[in-house]
Amino acid sequence: RVDLNSYTQKYLSTDLRQMTLSLNQYFATAREIIESHQGLIYEYVGDEIVFFFKQSNSAEKTLQQAASCVRDLFSEVSNLKLQEFTLKASLCAGTLNFVKLDQGHAFSGVPLIQSARMLNYISNKKINSLIVLSSDTNHLSHLIEQQAEISGELKGFDRDFKLSEITAFQSMK
């Protein structure tokens with residue numbers, strides 16, 4: 001999932017027409033990037049985009065694919081200069097279940113819950129940041145330039161987690 005930092009404050013203090021133009025540009029660019037990495041958008045929740053990747057050859061490759069997508073989102077949003085927005089993102093691996101609702105269907109699963117809780121650990125909202133489980137960073141080491149370790153408790157989970165906040169990626173080759 002990826003979310004615009006400080007969206008509410010900027011929305012309330014910015015010209016509505018300009019904000020709408022900026023958001024339209026952001027959502028169109030984000031969709032193009034996510035789809036170019038074979039990601040599938042699940043839903044838009046306000047300024048947040050929840051998307052997923054079907055597991056390809058291996059969980060490790062799928063995790064790398066998702067992290068590369070987030071890296072490209074960070075790069076493109078910085079290039080757009082949208083009302084000085086930055087992004088916060090979280091990435092979780094796991095299985096999603098497709099459940100029937102009263103009307104329609106929805107996904108359910110630990111990655112959805114965990115990724116929402118992890119966003120709360122982003123420390124600096126003035127820069128683009130991706131938060132992942134520290135155990136997943138060994139699969140992403142060739143993409144990461146700068147990261148910080150965080151320990152935290154995620155609401156609803158019965159154990160502490162070691163998290164890594166990635167604030168810079170290696171240059172694209």
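**Figure 1. Sequence separation of contacts in the predicted model.** Among the contacts of this predicted model that join residues at least 6 apart in sequence, 62% connect residues that are at least 24 apart. The protein has 173 residues, for which a compact globule would have a radius of gyration near 16 Å, and the value of 16 Å found for the protein agrees with this. Along the principal axes, the C-alpha trace spans about 45 × 45 × 30 Å, and 45% of the 173 residues count as buried.

**Figure 2. Order of the secondary structure elements.** Four helices and nine strands make up the secondary structure of the protein, and, read along the sequence, they follow the pattern β-α-α-β-β-α-β-β-β-α-β-β-β.

Figure 3. Strand 4 comprises residues 87-91, and because five of its five residues are buried, the strand is largely enclosed by the rest of the structure. Leu-87, Ala-89 and Leu-91 point one way from the strand, whereas Lys-88 and Ser-90 point the other way, and all of these residues are buried.

Figure 4. With strand 7, which covers residues 129-133, strand 4 pairs in the parallel sense over four bridges, and here Ala-89 stands opposite Leu-130 of strand 7.

Figure 5. Ser-135 lies in the loop between strand 7 and strand 8, the latter covering residues 144-153. With a relative accessible area of 52%, Ser-135 is exposed, because the cut-off for that class is over 50%. Ser-135 and Tyr-42 are separated by 93 residues in sequence and, from C-alpha to C-alpha, by 25 Å in space.

Figure 6. The protein exposes about 9,800 Å², of which carbon and sulfur atoms supply 48%. The protein carries 17 positive and 19 negative charges, and the mean positions of these two sets are 1 Å apart.

Note on methods: Residues are numbered from 1 along each chain as its sequence is written. This is a predicted model: local features need pLDDT of at least 70, side-chain atom pairs count only at pLDDT 80 or more; totals for chains, interfaces and linings use all residues. Side-chain values use heavy atoms; hydrogens and water are left out. Buried means under 20% relative accessible area, exposed over 50%, partly exposed in between (1.4 Å probe, protein chains only). Helices (H or I, at least four residues) and strands (E, at least two) are DSSP runs, numbered from the N terminus. Two strands pair if DSSP finds at least two bridges between them. The radius of gyration is taken over C-alpha atoms; the globule rule is 2.2 Å times the number of residues to the power 0.38. Contact means heavy atoms within 4.5 Å. Accessible areas come from the Shrake-Rupley method with a 1.4 Å probe; for residues, only the protein chains shown count as cover. Lys and Arg count as positive and Asp and Glu as negative; His and the chain ends are not counted. The place of a charge is taken as NZ of Lys, CZ of Arg, CG of Asp or CD of Glu.
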